[in-house]
Amino acid sequence: MGANKRPDSMARIVTKAQADAFIAAQIKEVRAQVGDKKVLLALSGGVDSSVVAALLIKAIGKQLYCVHVNHGLMRKNESENVVALFEGELDANLIYVDATDRFLNLLAGVADPESKRKIIGKEFIEVFADEARKLAGVSFLAQGTIYPDILESIEQAAGKKAVKSHHNVGGLPEDLQFDLVEPIKLLYKDEVRVVGEALGLPHAMVYRQPFPGPGLGVRCLGAITRDRLNALREADAILREEFDKSGLAEKVWQFFIAVPDVKSVGVKDGGRYEGWPAIIRAVNTKDAMTATIEEIPYALLHKITERITHEVEGINRVLYDLTPKPIGTIEWE
């Protein structure tokens, strides 16, 4: 693993003092690495990339250019919220790129999860390269890579198959034209949150629900189609709305909908109605390496089911995933 191996002597970051020391060390390291060059940050708006953005703003200020790519795989209103937050509140150099058609055209007909991740990762780099050509002196690509991404993307031992490739690790092309800046790559998710608070980021941002880099692309299972992707986006918005109203949003580490490429027969308006199932997944974890299932009250499950099946075109069933990690991963793909 080389530079990607977490030293055995590295203490877990649990206190503000430890976080402050980590931040100071990373600022020094980033300044030495970057010098006076410009850096592009892959800004999804999630916890990891937001913490990296705040750290790099402290380290290099306006040398940082945050690039938010709308790949068409974001949650409902996600990109709009990212733009409002980083432009309005954090005064970041923000470049917004709507690449929806670009990504979805490349992903059309691709069903294999690893292939999808690598297509998304490669196209991200292509988008960044396009933006870099518009700026002079860009030599670095910053990412919100964290340690579980690395652990799950490489072989743990000789002959052992990797769990999966994260788009920011296994999905990167071999001929990458940028040097990487990854200041939190040896941290677990709970440590990233401690660092985020020490950086002064808002609580709501630091404890925001994790969202994978490939976005809804790994929740629209199998080959992605625009109609199923839209159904997934609307169903997920309903789930998040109901969790917010019930108080579960603050209690559950990650919750989402997955929609597989399979249809079943249903009944609607007195006639046959074929639709996809919406699968609810809700898990709790500290480090993303293991996860337990959150028990959702039946009354809430019934309400969510009624709303999704009545309000979302194309969905005719709602299922509840009870599988912990291991044996299941947190995401389905």
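Guide: Buried means under 20% relative accessible area, exposed over 50%, and partly exposed in between, with a 1.4 Å probe and protein chains only. The model is predicted: local features need pLDDT of at least 70, side-chain atom pairs count only at pLDDT 80 or more, and totals for chains, interfaces and linings use all residues. Residues are numbered from 1 along each chain as its sequence is written, and side-chain values use heavy atoms, with hydrogens and water left out.

Visitor: Is Ala-288 buried or exposed?

Guide: Ala-288 lies in the loop between strand S8 (271-284) and strand S9 (292-293); strands are DSSP runs of E with at least two residues, and helices are runs of H or I with at least four, numbered from the N terminus. Its phi is near 70°, a positive value in a residue other than glycine. Because its relative accessible area is 11%, Ala-288 is buried.

Visitor: What is the relative accessible area of Asn-77?

Guide: Asn-77 is in the loop between strand S2 (64-70) and helix H3 (78-88). Although not a glycine, Asn-77 has a positive phi of about 65°. Asn-77 counts as partly exposed because its relative accessible area is 45%.

Visitor: Over which ring does the charged end of Arg-219 sit?

Guide: A charge sits over a ring if NZ of Lys or CZ of Arg is within 6 Å of the ring centre and within 35 degrees of the ring normal. Lys-268 lies over the face of Tyr-273, at 4.8 Å from the ring centre. For Arg-219, the distance to the ring centre is 4.0 Å, and the ring is that of Phe-256.
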